[in-house]
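Q: Walk me through the labels on this one, and show me what stands behind each of them.

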Amino acid sequence: MNDNNHNNITDLLGPNLLRTNAVLHTKSSTPAEPTLDVLKGKDLVCLYFSASWCPPCKQFTPILSSFYTTYCKPANIEIVYISSDSDVQSFENYYGKMPWCSLPFSNEARALKQKLANMLKISGIPTLIVLDSKGNFVTDAGRNDVMQVVGTTGGNMSVQDEKGKELVKRWKETQAVPMEEAQLSGGGQGGILWNMVMIILRNPMYLVGMFYLIKKLIKTLQSTQGGDQEL
């Protein structure tokens with residue numbers, strides 16, 4: 001990476017990252033490390049938007065972990081976890097299951113995550129965005145790409161291995177474009193219904209409120225129907 005490339009990637013991800021399975025940078029014994037050091041020598045950088053409270057994320061993370069270990073790491077491809085967790089403990093427990101680096105859990109990192117999500121039009125999680133080493137856009141279909149490798153091989157490991165290597169090769173050969181020129185599809189599940197589900201999963205008390213409102217509506221309808229019958 002030259003200096004301009006450095007500026008691009010640090011503008012996107014901030015000055016520091018946590019190394020693989022590092023303890024939170026708020027603990028002085030294991031501080032975050034400079035982003036440039038963590039990503040030195042990487043050909044591609046994937047941004048993984050995920051959270052511990054998201055069921056599809058919990059399903060996809062082990063799949064992505066296996067793909068990363070088998071195909072990404074040997075090919076100089078790094079993944080950066082970008083958390084949507086709301087508390088340190090949830091972040092730490094979930095990130096502890098991941099073999100890649102991460103944005104630190106801090107107010108600054110949360111603001112950066114929101115900026116990235118807006119820039120990349122993230123409409124749901126999990127989402128895997130692929131960038132080149134300069135921070136230019138390659139694809140926002142990373143999750144679907146990985147699932148195609150895992151889900152279309154019928155358990156045939158030799159076929160999966162071939163498809164995995166082909167995918168890494170395709171990512172590397174794709175012409176990256178500046179972020180402002182990216183054709184974004186809006187990563188993640190998307191849709192109004194999905195966004196409502198995500199809100200409920202993130203705030204379970206909404207379920208209590210919805211249950212109360214539904215119960216009250218049913219009582220109102222029953223009362224109305226009873227009055228009609230009397231007439």
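Q: Where does Pro126 lie?
A: Pro126 sits in the loop between α5 and β6 (127-132); these names are DSSP runs numbered from the N terminus, helices being H or I of at least four residues and strands E of at least two. This is a predicted model, so local features need pLDDT of at least 70 and side-chain atom pairs 80 or more, while totals for chains, interfaces and linings use all residues. Residues are numbered from 1 along each chain as its sequence is written, and side-chain values use heavy atoms, without hydrogens or water.

Q: What makes the peptide bond between Ile125 and Pro126 stand out?
A: The bond joining Ile125 and Pro126 is cis, with omega at about 5 degrees. Most peptide bonds are trans.

Q: Why is α3 called roughly perpendicular to α6?
A: Helix α3 (residues 55-72) packs on helix α6 (residues 142-151) at an angle of about 70 degrees, their axes 11 Å apart. That angle makes the pair roughly perpendicular, a label that covers 65 to 115 degrees. Axes are lines fitted to C-alpha atoms over the stretch in contact, with angles from 0 to 180 degrees between N-to-C directions. The crossing of α3 and α6 is left-handed, as the near helix is turned anticlockwise from the far one by less than a right angle (clockwise would be right-handed).

Q: Which residues make that contact of α3 with α6?
A: From α3 come Pro56, Phe60, Ile63, Leu64 and Phe67, and from α6 come Arg143, Val146, Met147, Val149 and Val150, with contact meaning heavy atoms within 4.5 Å. By class that's nine nonpolar, no polar and one charged residues; Ala, Val, Leu, Ile, Met, Phe, Trp, Tyr, Cys and Pro count as nonpolar, Asp, Glu, Lys and Arg as charged, and the others, Gly among them, as polar.

Q: Why are α6 and α7 called roughly antiparallel?
A: α6 and helix α7 (residues 157-173) pack at about 155 degrees, with axes 8 Å apart. The cut-off is over 145 degrees, so α6 and α7 are roughly antiparallel. Their crossing is right-handed. On the α6 side the contact uses Gly142, Asp145, Val146, Val149 and Val150, and on the α7 side Gln160, Lys163, Gly164, Leu167, Arg170 and Trp171. The tally is five nonpolar, three polar and three charged residues.

Q: What lines the largest cavity?
A: Among its lining residues are Ile82, Ser83, Asp85, Phe91 and Lys113. The lining divides into six nonpolar, one polar and three charged residues, and its largest share, three residues, comes from α5.

Technical notes. Parallel < 35°, antiparallel > 145°, perpendicular 65-115°, else oblique. 1 Å grid on protein atoms, 1.4 Å probe; cavity = no way out; pocket = protein on both sides within 12 Å on 5 of 7 lines; lining within 4 Å.
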